[in-house]
Amino acid sequence: MNIENKIQKAVEKAVEKLYDLSIEQPELQSTKKDFEGDVTLVVFPYVKQLRKNPKEIAENIGNYLKEEVEEVEDFNVVGGFLNLLIGSEYYKNFLKEIYPDETYGFVAADNSRKSLMVEYSSPNTNKPLHLGHIRNNLLGHSISEIYKATGKPVVKTQIVNDRGIHICKSMLAWQKFGNGETPENSGLKGDKLAGKYYVLFDKEYKKQIQELIEQGRSEEEAKKQAPILLEAQEMLRKWEAKDPEVMELWKKMNGWVYKGFDETYKNLGVSFDKNYYESETYLLGKQIVEEGLRKGIFIKKEDGSVWINLEDEGLDEKLLLRSDGTSVYITQDIGTAIKRFQDFDIDSHIYVVGNEQDYHFKVLFTILKKLGYDWASRLYHLSYGMVELPHGKMKSREGTVVDADDLMQEMTDTAREISKELGKLEGYSEEEKERLYKIIGLGALKYFILKVDPKRTILFDPKKSIDFQGNTGPFIQYTYARIQSILRRAGEPEDLNFDAVKVQDKEKEIIKYLAQFPETIQTAALQQNPGIIANYVYDLVKLYNSFYQSIPILATTDETEKKFRIALSKKTGDTIKNAFTLLGIEVPERM
């Protein structure tokens with residue numbers, strides 16, 4: 001039992017004994033820095049019931065705890081706050097207990113529990129991944145790792161949007177203008193090649209619109225009648241009819257794209273347990289909609305289209321099948337959700353999708369509840385804000401998107417420049433240097449994005465993210481590397497005698513913060529916010545650096561102190577590494 005739980009139980013007994021009042025889970029918090037103490041009890045909630053002065057209540061409970069809880073060394077009262085001073089013996093014993101545990105903070109996987117599914121990435125096969133996908137992937141991967149660390153089995157998945165008019169636009173443009181260009185003969189990654197022809201389609205489409213306007217058509221007519229758009233629509237009809245020539249081109253170009261995606265995912269450090277493809281799932285929901293019609297959940301209008309009226313839920317009417325019988329996105333999502341719960345032993349599902357789809361998911365979850373699926377109440381939309389750049393928004397049609405591969409390369413290049421300026425890489429081979437640049441560059445990118453609450457929009461500045469000072473990935477990585485340097489010089493401490501140590505205040509602060517790591521992981525999972533982990537590890541690093549600057553570690557002449565401080569450094573390093581693992585960030589042994 002940790003000290004907070006022990007004190008909570010003791011407070012419950014104190015209030016019952018002193019005031020004959022039964023309370024549950026009294027509110028405890030870390031004592032504010034301006035006051036002496038470690039744990040603070042808030043007594044205001046009991047003032048009304050007890051009809052006593054809050055200072056008097058706090059004094060009485062404090063005296064009881066000092067007598068009954070051996071870890072409580074002393075206390076002081078400020079208004080309605082009881083500040084408890086925990087003896088250093090507790091912190092020594094706590095460090096001694098967690099020291100050998102390399103996965104401290106993580107709960108072992110409980111495979112008897114049903115799994116959680118996390119969907120993220122979900123790219124289109126007509127363009128490469130971009131900066132927005134990076135935030136999506138990093139959030140999805142990190143949330144998956146955080147839930148795993150709570151003992152929850154996780155299935156990571158994506159739905160690949162591999163069909164539809166957008167895909168046909170790339171295919172048609174390649175057919176018209178490609179001259180047999182391939183990833184092999186062009187040197188372009190397959191996803192970039194597809195994206196190139198998506199942009200070319202848009203240029204040709206705009207050109208044809210202008211020509212039609214000059215011939216006297218209205219802009220609206222021109223947009224609908226541009227020959228290249230009509231050809232793309234015809235290609236989509238042929239795809240749905242499984243035309244052999246169109247299917248062959250579709251498979252070939254998608255094959256190029258998947259290879260490109262795999263390379264990007266590998267560089268970014270994310271992966272999936274199961275891929276779903278829109279081409280295989282887009283018809284799944286139609287059968288469910290027919291069943292819903294029979295049950296009276298959905299309604300068919302005169303033109304044959306199928307709808308659901310959700311006005312009683314504060315939503316609007318929603319189209320589920322067009323009048324020609326074709327499905328829409330939400331129809332596919334209904335079928336895919338049901339299939340996933342059939343395919344895997346999952347009890348809940350998180351969709352990592354941008355906040356522009358907030359309404360879509362409210363409607364989807366409401367429909368699934370109305371269809372009678374009990375798991376529909378355990379569907380969650382991890383809604384996140386957009387990533388913006390200093391020069392404005394991105395548009396993939398116009399080719400102004402910040403490509404994910406290019407950004408990762410830019411981060412590595414920036415890390416290279418800064419590292420060379422600092423000049424601390426003597427003795428590194430070129431291969432070691434390049435690996436380090438990548439670790440620093442990607443660490444900067446991931447940390448900058450993940451430290452922000454997912455709901456907030458991010459203005460991403462690559463240069464600021466890679467600073468070696470402040471709340472950045474490289475600053476934290478540098479502290480980890482500093483600790484590894486101490487351990488290399490000192491070696492693993494043997495014959496540790498924790499009992500003989502007198503714990504300094506700065507050492508105590510670090511141990512107190514280490515004690516919060518397991519609860520921090522649980523909170524990050526509950527709130528679906530990796531930023532809680534990121535900011536925890538930043539605060540831990542600040543505490544350690546303050547300790548490092550003011551207390552001698554290897555220079556102390558007392559061997560017992562030295563071993564204790566080395567052990568405290570090692571445990572801090574382990575926790576930095578474990579926290580960064582949850583964020584998908586590597587830590588370098590040297591910097």
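In this predicted model, strand β11 (residues 346-354) pairs with β12 in the parallel sense. Six bridges join β11 and β12. Within this pairing, valine 353 stands opposite serine 383 of β12. Both strands belong to an open sheet of five strands, ordered β7-β6-β5-β11-β12. The pairing in this sheet is parallel. Its edges are β7 (274-277) and β12 (379-384), each of which pairs on one side only. Neighbouring strands are turned against each other by 25 degrees on average, direction ignored.

Two helices that pack on this sheet are described here. Helix α5 (residues 131-149) touches β5 (115-119), β6 (154-160), β11 and β12. The direction of α5 makes about 160 degrees with that of β6. Helix α15 (residues 358-370) also packs on the sheet, where it touches β11 and β12. The direction of α15 makes about 180 degrees with that of β12.

A further open sheet has four strands, in the order β1-β2-β4-β3. Here the pairing is antiparallel. Strands β1 and β3 (72-78) form the edges, and each pairs on one side only. The twist from one strand to the next averages 30 degrees. Strand β3 is joined to β4 (residues 81-86) by six bridges, and the two run antiparallel. Valine 72 has isoleucine 86 of β4 as its bridge partner. Helix α3 (residues 54-68) lies across β2 (39-42), β3 and β4. It runs at about 175 degrees to β3.

With helix α6 (residues 165-177), the packing angle is about 100 degrees and the axes are 10 Å apart. That angle makes α6 roughly perpendicular to α11. On the α6 side, the contact is made by Ile167, Ser170, Met171, Trp174 and Gln175. On the α11 side, the residues are Glu245, Val246, Leu249, Trp250, Lys252, Met253, Asn254 and Trp256. By class, eight residues of this contact are nonpolar, three are polar and two are charged.

The axes of α11 and helix α8 (residues 190-214) come within 6 Å and cross at roughly 125 degrees. The two helices are therefore oblique to each other. Helix α8 contributes Gly190, Asp191, Leu193 and Ala194 to the contact. Helix α11 contributes Met253, Trp256, Val257, Gly260, Phe261 and Thr264. This contact comprises six nonpolar residues, three polar and one charged. Met253 and Trp256 of α11 take part in the contact with α6 and in that with α8.

The second largest pocket has a volume of about 910 Å³. Its lining consists of 33 residues. Asn2, Ile3, Glu4, Tyr90 and Ala515 lie nearest the pocket centre. Five elements each supply at least two lining residues: α1 (3-19), β1 (28-30), α4 (88-98), α20 (505-515) and α21 (517-527). Helix α4 gives the most, with seven residues. The lining divides into 12 nonpolar, 10 polar and 11 charged residues.

Notes. Residues numbered from 1 in each chain as written. Predicted model: local features only at pLDDT ≥ 70, side-chain atom pairs only at ≥ 80, totals over all residues. Heavy atoms only, no water. 1 Å grid on protein atoms, 1.4 Å probe; cavity = no way out; pocket = protein on both sides within 12 Å on 5 of 7 lines; lining within 4 Å. Points joined across faces, edges and corners; volume = space filled by probe spheres on them. Nonpolar A, V, L, I, M, F, W, Y, C, P; charged D, E, K, R; others polar. Axes fitted to C-alpha atoms, helices over the stretch in contact; angles between N-to-C directions. Parallel < 35°, antiparallel > 145°, perpendicular 65-115°, else oblique. Contact = heavy atoms within 4.5 Å. Pairing = 2+ DSSP bridges.
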